[in-house]
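Subject: A structure for you to look at

Hi,

Here is the structure I promised to pass on. Have a look at it first, and then read my notes below.

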Amino acid sequence: MIQDIAPSRLYNEYRECSPIDGDVIYIFNEDGRVLLGDDKGRILFVRHEDIPDARTIYLFSVDEQRFFLNLDTSDCQRDSYEYVTIREVRDRFSGTSMSDVFSVFTAYHLWRWYADNKCCGRCGNVLKPGTTERSLVCPECGNTVYPRINPAVIVGVTKGDCLLLTRYRTGYGHNALVAGFTEIGETLEESVQREVMEETGIRVTNIRYYKSQPWGMAQDMLVGFYCDAVGDDEIRMDEGELKYAEWVRREDIELQPNNLSLTNEMMRVFKENRLRT
């Protein structure tokens, strides 16, 4: 999965520091596209020495490599570099260094948070970066804002040798699993039951945790569960959400084209009959 970058390691603690030559500077435009180069499928980053006068803030490190965010809003142009969407990064570079792709997703997560939190939601004054932690602080009323993380469930619903596969009505076009955000007052397990019922009309039991995944593309923390269908297994698909929902035998499961997502790993585990009950 995208976060599986071992033996490399992400260091996400905040530091108040300035970039030096060799540090990566992430540049996003107002549409959320990131400026990158492409060397035969390998990501090329903008470095501090390329734009030494940029206003920046420290993001994180991967091993000894430090990453910063450009705080200027105007587009920056470089020969042989282009602005690409995060989905294009996922599709184009997933066969290269996993740590590079993971850093792009994580940088996008933080860029989105900074871009969405310019002013205090309590009094309207301009927020300032915290100096001791990853936060934005209002200098007038003291309101403190932390990075947004949305909890969401990914659900592998099983029925014997079959897995319930879905495809979204819009957006990502490959096979997926039932998924959705946890609502106020819900446990994760209750989210599983509700999302499966809302999207497919299936009741489930034996809900068991599998694994989690940070997913910076949508500011999510994905939490994977498997569960078993119980009672009537007739699918009543939510046509506003999905365009496809079917029980598929494990040998017939078609996986996604890369191994970045928790969804794809969960489909693969079931397909290869490696699921522990």
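Helices (H or I, at least four residues) and strands (E, at least two) are DSSP runs, numbered from the N terminus. R208 counts as buried because its relative accessibility is 15%; buried means under 20% relative accessible area, exposed over 50%, and partly exposed in between (1.4 Å probe, protein chains only).

Before you go further, please note that this is a predicted model: local features need pLDDT of at least 70, side-chain atom pairs count only at pLDDT 80 or more, and totals for chains, interfaces and linings use all residues. Residues are numbered from 1 along each chain as its sequence is written, and side-chain values use heavy atoms, with hydrogens and water left out.

How many salt bridges does the structure hold? There are 20. Here are some to find on your screen:

- E82 and R92 meet through their side chains at 3.1 Å, N to O. This pair links distant parts of the chain, with E82 in strand β7 (residues 81–84) and R92 in helix α1 (residues 86–93), ten residues apart. E82 is partly exposed, at 40% relative accessibility, and R92 is partly exposed too, at 34%.
- D232 pairs with R236, their closest N and O atoms being 3.2 Å apart. D232 is partly exposed with a relative accessible area of 43%, and R236 is partly exposed with 41%.
- D161, R249, R250 and E251 are linked in a network of salt bridges.

Now for the whole chain. Its secondary structure comes to four helices and 16 strands, and the C-alpha trace spans about 65 × 50 × 35 Å along its principal axes. Buried residues make up 47% of the 277 residues. Among contacts (heavy atoms within 4.5 Å) with a separation of 6 or more, 63% come from residues 24 or more positions apart.

Happy exploring, and do write back with questions!

Best wishes

Conventions. A salt bridge is a side-chain nitrogen of Lys or Arg within 4 Å of a carboxyl oxygen of Asp or Glu.
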